[in-house]
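Welcome, and thanks for taking a look at this chain with us. Please have the sequence and the model side by side as you read the notes below.

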Amino acid sequence: DPFFYGSSNFKDSFFSKLLYCPHPFTNWSLNPLTKYNSEYMHTLEGFRKTSQSNSIMDELKSFDNQCDIYCIGGSTTYCDSIKNYSDTWPYLLRELYNKKSKNFLVNGGVGGWSTLQSLIRFFSWGSILKPKLTIFYQSKNDLTPLVNGREVEKKIFPLMENIMLQFDTSLNSNPKKYKKNNYGVASVYGKDIYANVKGLTRLTQQWKDLYATRCKIVIELAKSWNGKVVFIPEFFSDKSEYYKPLCEMHDVMKQVAQKGENSFFLDLRNEIEINNENFMDFTHFTKLGCKKFSNLLYENLSKVS
């Protein structure tokens, strides 16, 4: 199996150059062998690095088996298109805290993941890491299945069985085509799938309720180890067709956050201008944007931590 992490054929294969690799529960995850300038960009466990350590489990031992901050999110938390982990906002935020005292911050963001996938990871790792504070920066990717899902499906099942496409391992025999489709998540971001913003009309109250439920579960999980959760709306241009439905999702996020005993809502959307200096597109930070966002978080998180 070329995707088996420990096997020599995986390390020596074309697939070791991919950003993603298949995962049995989350469909895809981060490839622990991805490198940039000869340095691993992800940990052995499949998290984007926030230090030079290649293992969060190794770091955990140095912090009394509890992490200070855990970041939940998709590509805007992973920081897509920023190659070096040291330029991402989770890394920069950790460095700001390190000026006062050493801290342990885990970046749980994976490009394309929705809260469903992030919850699977948080459910599995939360009780091990026991983060004192969880930063929840995820909403847009819960709309992505509505856009990328099959057009013929007018009603969407809660687990997305009828619209969610798979990590396509059938392309293994054609590396050129595989590489062309966003470092391995071929069938999710490939050009041959249905992708139409008209799919946003499938956003229903039931869909928003599902999002609310997953937000509530994050709060309850964190409560079990006395952790706090801060919910932060994602930055997004009002010129995008995602903007209005995303605002609806953020309203759901706010309602959930304000009702939780250990949760907070931190709205920073008016604090950074959405332009080419701060964002690569409608929502993904540039290096400068990451720096500004990390500074904003550092200044404001003291109010809830």
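## Briefing on the predicted model

Let's begin at Glu-273, which sits in the loop between β9 and α11 (287-301). Please keep in mind that this is a predicted model.

- Once neighbours within four places in sequence are set aside, the contacts of Glu-273 are Asn-278 and Phe-279.
- Between the C-alpha atoms of Glu-273 and Ser-237 there are 9.3 Å, while 36 residues separate the two along the chain.
- Phe-279 also belongs to the loop between β9 and α11.
- Is Phe-279 buried or exposed? With a relative accessibility of 1%, Phe-279 counts as buried, since that class takes values under 20%.
- Leaving out residues up to four places away in sequence, Phe-279 touches Phe-235, Ile-272, Glu-273, Ile-274, His-284, Phe-285 and Thr-286.

**The chain overall**

- The chain holds 11 helices and 9 strands.
- Of its 305 residues, 56% are buried.
- Among contacts with a separation of 6 or more, 68% join residues 24 or more positions apart.
- The accessible surface is about 14,700 Å², and carbon and sulfur atoms contribute 50% of that surface.

**Nonpolar cores**

- In soluble globular proteins, nonpolar side chains tend to be buried together.
- Here the largest nonpolar core has 42 residues, and those touching the most other members are Tyr-70, Phe-104, Val-106, Leu-129, Phe-136, Leu-143 and Phe-231.
- Two or more residues of this core come from each of α2, β5, α5, α6 (144-148), α9, β8 and α10.
- Which element gives the largest share of this core? That is α9, with 8 residues.
- Not counting residues up to four places away in sequence, Phe-136 is in touch with Ile-72, Thr-115, Tyr-211, Cys-215, Val-218, Val-229, Val-230, Phe-231, Ile-232 and Met-253.
- Another core, of 24 residues, lies apart from the largest one and includes Ile-69, Cys-79, Leu-93 and Ile-135.

**Helix α9**

- Helix α9 has 19 residues and spans 27 Å from its first C-alpha to its last, close to the 27 Å expected at 1.5 Å a residue.
- The buried residues of α9 include Tyr-211, Cys-215 and Val-218, which are also among the contacts of Phe-136.
- Also buried in α9 are Lys-208 and Arg-214, along with Trp-207, Ala-212, Ile-219, Leu-221 and Ala-222.

**Helix α10**

- Helix α10 (residues 243-259) has 17 residues, and its reach of 25 Å from first C-alpha to last is close to the 24 Å expected at 1.5 Å a residue.
- Pro-245, Leu-246, Met-249, His-250, Val-252, Met-253, Val-256 and Ala-257 are the buried residues of α10.
- Why are these residues on the same side of α10? They cover an arc of only 155 degrees around the axis, so they share one side of the helix.
- On the face turned away from the buried side of α10 are the exposed residues Lys-244, Gln-258 and Lys-259.
- The cover over the buried residues of α10 includes β7 (133-137), α9 (205-223), β8 (228-231) and β9 (263-265).

**Helix α5**

- Helix α5 (residues 115-129) has a bend of about 35 degrees at Phe-123.
- Its buried residues are Thr-115, Gln-117, Ser-118, Leu-119, Arg-121, Phe-122, Trp-125, Gly-126 and Leu-129.
- These buried residues of α5 are covered by elements including β2 (27-30), α2 (56-61), β5 (69-73), β6 (105-107), β7 and α9.

- Most residues other than glycine have a negative phi.
- Asn-37 is not a glycine, yet its phi is positive, at about 55 degrees.
- Asn-37 lies in the loop between β3 (35-36) and β4 (39-40) and is exposed, with a relative accessible area of 61%.
- Ser-38 is in the loop between β3 and β4, and this non-glycine residue has a positive phi of about 70 degrees.
- Ser-38 counts as exposed, at 69% relative accessibility.

Key: Residues are numbered from 1 along each chain as its sequence is written. This is a predicted model: local features need pLDDT of at least 70, side-chain atom pairs count only at pLDDT 80 or more; totals for chains, interfaces and linings use all residues. Side-chain values use heavy atoms; hydrogens and water are left out. Helices (H or I, at least four residues) and strands (E, at least two) are DSSP runs, numbered from the N terminus. The expected span of a helix is 1.5 Å times one less than its number of residues. Buried means under 20% relative accessible area, exposed over 50%, partly exposed in between (1.4 Å probe, protein chains only). The arc is that of the directions from the helix axis to the C-beta atoms. Contact means heavy atoms within 4.5 Å. The bend at a residue is the angle between axes fitted to the seven residues ending there and the seven starting there. Accessible areas come from the Shrake-Rupley method with a 1.4 Å probe; for residues, only the protein chains shown count as cover. A nonpolar core is a set of buried Ala, Val, Leu, Ile, Met, Phe, Trp, Tyr and Cys residues joined through side-chain atoms within 4.5 Å.
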